[in-house]
Each structure stands twice: as structure tokens, then as C-alpha cells.
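Look at the predicted model below. Then follow the text from the place where the chains pair, through the rest of their contact, to single helices and a loop.

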Amino acid sequence: MTEPSSSPTSLLEVQRRMAAAVMHPLTRQENMPRRRRDGASNIAEAEAIIRPNDRLSSFERLEIYNRQYWYRLFSCFEEDFPGLQAILGRAKFDRLMRAYLTDCPSESFSLRNLGSRLDAWFDQHPEHLGPHPVLARDMARLEWAHIEAFDSEERARLSAQKLAAIDEHSRLHLQPYLRVLALSYPVDDLLLQVRNEDGSATSSTNNASSTRKRHHVRHVAALAPKAIHIAVHRLENSVWYKPLSPEEFHLLSALLDGKPLGDSIDLALSTSPLPEDQRPAFLQEAFANWAMLGWFTS
Amino acid sequence: MPANRFNGFTDYGVGIGLRIPHYQHILSRKPVVDWFEIISENYMVDGGRPLEVLDQIIEQYKIVQHGVSMYFGSVDPLSREHLKRLKQLVRRTHTPWLSDHLCWGSVDGRYTHDLLPMPYTWEAVEVTAQKIRQVQDFTEVPVVVENVSSYAEFHASEMTEWEFLTEVVERADCGILLDVNNIYVSSKNHSFDPFEYVNFVPAHRVAQIHIAGHSKFEKYILDTHDHPVLPAVWRLYARAIERCGPTATLLEWDDNIPSFEEVHAEALKANKFLKAAAEAAPTRNSLAAIQSAPKSMLEPTLSDSALLESGSAR
């Protein structure tokens, strides 16, 4: 016996109440729970909103949408974070995914942005980072940077003439697709391996891919920390990971923060062990390289 | 109505959905295809490979935009960001019309990314029609709305789905993307006669037709777009073409996507009906379209029959 709920009286109320049911987490058996976390009865709520038919109860009809919602989000999140799944393993990744998507439902018309709040969410939920929290967080950051680099804007390159005219007061603009990361583990190699293998698999649930994922978990457990700096960027519409020296990383970070060129160089070299006499050559080479990659924009 | 103000007075023929697994085939082989339908949201990005591929396709093919998250039926106001990006894409593709679904999917700024069914109420008619007009005004291209497949009905509904669709498009003065597979799926899930639906909609507003495959479960049908078109859906299509004339038609195939050739061959089956309708048009021979179709496309399969028996159609 369930307590009756009153029927909604406006379109907004129908949509709020149905969305609350549809977006409520599934049970472990991937069913719609009969009772919600706040104690409300989903059976009564379904009966108040949805008509039954001769084959399905109101609850069962609503459950179709509840499952569809979560399956779609799971599929998208798994596709965006295969490296994180390789690190955490299936069960822990599954718990993380459900918790994150419950706390941070999509607020964008595009599923592309589903993982945009994951890094910040980890600040509040470090318990979901598993036994290798730094490694897991590094991977999540790299995977989000990859998504951003994939389809962010590419602006016109700064002309050679304008590039030659810059001075220490100039503020250089960098391509919107460029991201720089300081990481504690060499997760770039691991992600490339995972992506290559996933790309060759026809289904994420076949036996071959399960074997590979177990292999990943073992591989990850043996991965030693090693501080790396990388630029995640795009060239000819493919995403690349470019290793950076610490000086390059700090210089690019300062430029991305909008600091003038002179200040950025000072900041980048202030703690650098690079001998004074090698610094001009370092700067010349770095800027020539970045200009060739088209990172400076007007 | 082959060409009308709702499809920009075009006569597009038979197209297929542009999907990533077919990119390489299309770009390298350049197959002859009447037109491609793109999912707008996949290309509402700032740069990168999606837009590079799209630009190459635009150079060689006719493109029509189809959206999945405008949510005309949501009470939430339209997203300015969404509208701006949509209009940018319209300028890029020169789509002669723009479609999205007669559904809702977001509330209080949160998106379900699903095509949730509407309660068929007068309040919903007003809300939905107003938002369609807003999108049409902003994007400056004809907007057509697609009926969705559904698995639930609301106590609050005050009319049938086809009455609701008609009220909305009349008030919004917009076109219809008639998805005959969705009508079939919903008719089985809600036990109504799908021909009553097709016979009711204002034919002069139908700008485009969708066909697709679906999956049958024990107690309901799911709109999965992962199969060829089933005979029962071809029969509905034949009736729709008979009423509307040879209308731009698109096959949707979104999961377990086979080769380009297989998808295209399935879509081209629609030409049999379109040709018959074109030939019958001067005299409007009411049976010509159906009679001229190959028998094998219209005969119920075993699974069709089983469902028809269990579906208790009115």
C-alpha cells in the first residue's frame, strides 16, 4: 500500500516531478527505486503523473525513462574518461560515475560538457579517487583537457610581422584549444595506450576489452610517480600531448593568465636552474617552436 | 507536399543521417546521396575535426539540420547560448529548414538529454507554440517539429497526441517532421491506430518524413534506430506519402550502424513509394502508392503479427 500523491496542476509541476523521478539514481540492480532517498514513494509519484496501460504500471512506464537517462549519461561519461576507468577499475569507476552525475547533472544543452565539473568535484569527494588518488586525478585532468583541445576554437595565427614586433610589455594571446598541465604521473602514455585499445574494440563489454581493462589496472598499480609537464593542443585537427620543460610550462601558464611577456619570462625563470647564458637560446627556441605550432594568435 | 514554405520550397528526395562511422567512406568515395541530415548539437562547437568534416560535406552535399535538445515543450526559457550557436551553424550549413522535437527535456536549468513526452494540455500547446515561434524568429529559417516515440502517457492530457501536434503547429505556424516509425512505436505502446494519426495531421504542413527501425520487447517497443525499417512502418510511410505527396525522406540509423552502402540501400527503398506518389499525384489515386510497393516490404513479419495481436489496437 502506497500513500497517494496529488496530481500535478501545471506543466512546470509535471516537468519538475517527472524530472525528479527520471534523474533519481537507479538501484544497484539498475531499477527505479520504489522509495527515493528523501523517503518519497516513487510508486505513488508515478501513479499521480503517469497513466498505466494494459501491460505496464505507471511505475514501470516511468522506469523506462529513469533507465534511459542513466544509461545515456553512463555511456557518455565512460566514453569521455576511459583512462580514469582504467585506473580505478570497473567497480570504483561505476561508483564515482553515479555519485558525480547525481551531484552534477548536466546543465548544458550539449553532453560534451558532462565532465566539466569533475576536477572541482574531486575537491569535495576525494574518497572516489581510489587507492591512487593523485594518479586518478591527473588522468581526469588530462582527459578533460583532451576534450577541450578537441573542439575548442582555433584563431588566426599571429603574423610573423606582428610576432617580430612584440616587446616585454606585450600580452600574447594563445590558442583557445591549448591547455598546459603539471602532473605527478606520466598519464599521457597510459591514456594513449587506453585510447588506442578502446578505439580498436567494437564493444566495451566484450571479453577482449575486459581482459585489457584488467591488464590496465595491473599496469596502473605498478606505475611510478614522475612529475611531468605537458601541453595538450591540436594540430591538423588531431589532439597531441607535447612534453614541456618546467620553464616552458611556467612561461605558458603565465601567458595564459594574461601576464605581459616580460613578467611571464621573469616568473618562468625565477626558480629555474637554467644557467643565465643558456636562457636566451632557450627562449628563442621555445618561442620559435610555439610559433611554428601556431599557438600565438592575434 | 514535395516543396512547401515549411521546407524552404525544396524537393530533396531521400537522405540519410550523417554519422561518424561513415565519414571516411563519404569523404573518400563521394557516393551519390540526395542529402544528409546532421545532428545540430554535434557541430555546435568552436572548432576542430567536427567542423572540418562538416565543411567538406557541405561543399559536396545538401545538408539539413536536426536538433535534439531545443526542448520546445520545456517551461524553461530558451538558452541564448544554444540559440546563438544554432544560428551560427545555420549560417554555415545554409539548411533550408531546421527540425527539433515536440518534447521537453530540461527543467530548472538541468538537462535530461532525453526526448520526454508532453502532457497534451492546452497550457502545453501555448508554451510549445510560443517557443517554436521564438526559435523561428531568431534563426530566420523555417522550423519543423518532429513527433517523438513515447513510453508513457500523462493523466493531465486533454487531447490525443495528433490533436496536440496539430494545435501546436497551427498556433506556431510551423511545419511537421512526421516520424512514421515514432508513430508506430507509440501506437503500440499506447494502443491507438497509427493510421488515425497519419490521417489526422495537416498534410500541407509536412516538410519532411523520418523512417527508422525499432526493437520489440515483451511489453513495449523501444525506438532504437538500430534495425532496418519494418514492414508495418513502410505501410505507414506509404499512407503518409499518399496523403502528403513525395516528401523529403530520411532514414535514421544510430546504433549498430552497418556499412554506408547498407544504410543508404535501406533508405533508397523509400523511392518506390515516392515514385508511385509522384505518378499518382495528378489524379490522386488513393491506392497507387501502396499498390505499387513491393509486396515483401509491406507484408507483416511474424513478430509484427504477434505484436498486433497483443497490442489491442482500437
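**Where the chains meet**

In strand β8 of chain B, B:E153 is the bridge partner of A:R51. Two bridges join β1(A) to this strand, β8 (residues 153-154) of chain B, and the two run antiparallel. Strands pair here if DSSP finds at least two bridges between them. Helices (H or I, at least four residues) and strands (E, at least two) are DSSP runs, numbered from the N terminus.

This is a predicted model: local features need pLDDT of at least 70, side-chain atom pairs count only at pLDDT 80 or more, and totals for chains, interfaces and linings use all residues. Residues are numbered from 1 along each chain as its sequence is written, while chains are lettered from A and ligands numbered from 1 in the order in which they are written.

Now take the whole contact. In chain A, 42 residues are in contact with 40 residues of chain B; contact requires C-beta atoms, placed from the backbone, within 7 Å. On the chain A side, α1 (11-22), β1 (50-51), α3 (58-80) and α7 (133-151) each supply at least two residues. The largest share, eight residues, comes from α1(A). By type, that side of chain A divides into 21 nonpolar, ten polar and eleven charged residues. Nonpolar means Ala, Val, Leu, Ile, Met, Phe, Trp, Tyr, Cys and Pro; charged means Asp, Glu, Lys and Arg; the others, Gly among them, count as polar.

Buried means 20 or more other C-beta atoms within 10 Å of a residue's own, exposed 12 or fewer, partly exposed in between, with C-beta atoms placed from the backbone.

Helix α8 of chain B is mostly covered: 13 of its 14 residues are buried. B:G245 follows α8(B), with a positive phi near 90°.

Finally, turn to A:S159. This residue sits in the loop between α7 and α8 (160-164) of chain A. A:S159 is exposed, because it has 11 other C-beta atoms within 10 Å. Its C-alpha atom is separated by 28 Å from that of A:I147, twelve residues apart along the chain.

Key
Two residues are in contact if their C-beta atoms, placed from the backbone, lie within 7 Å.
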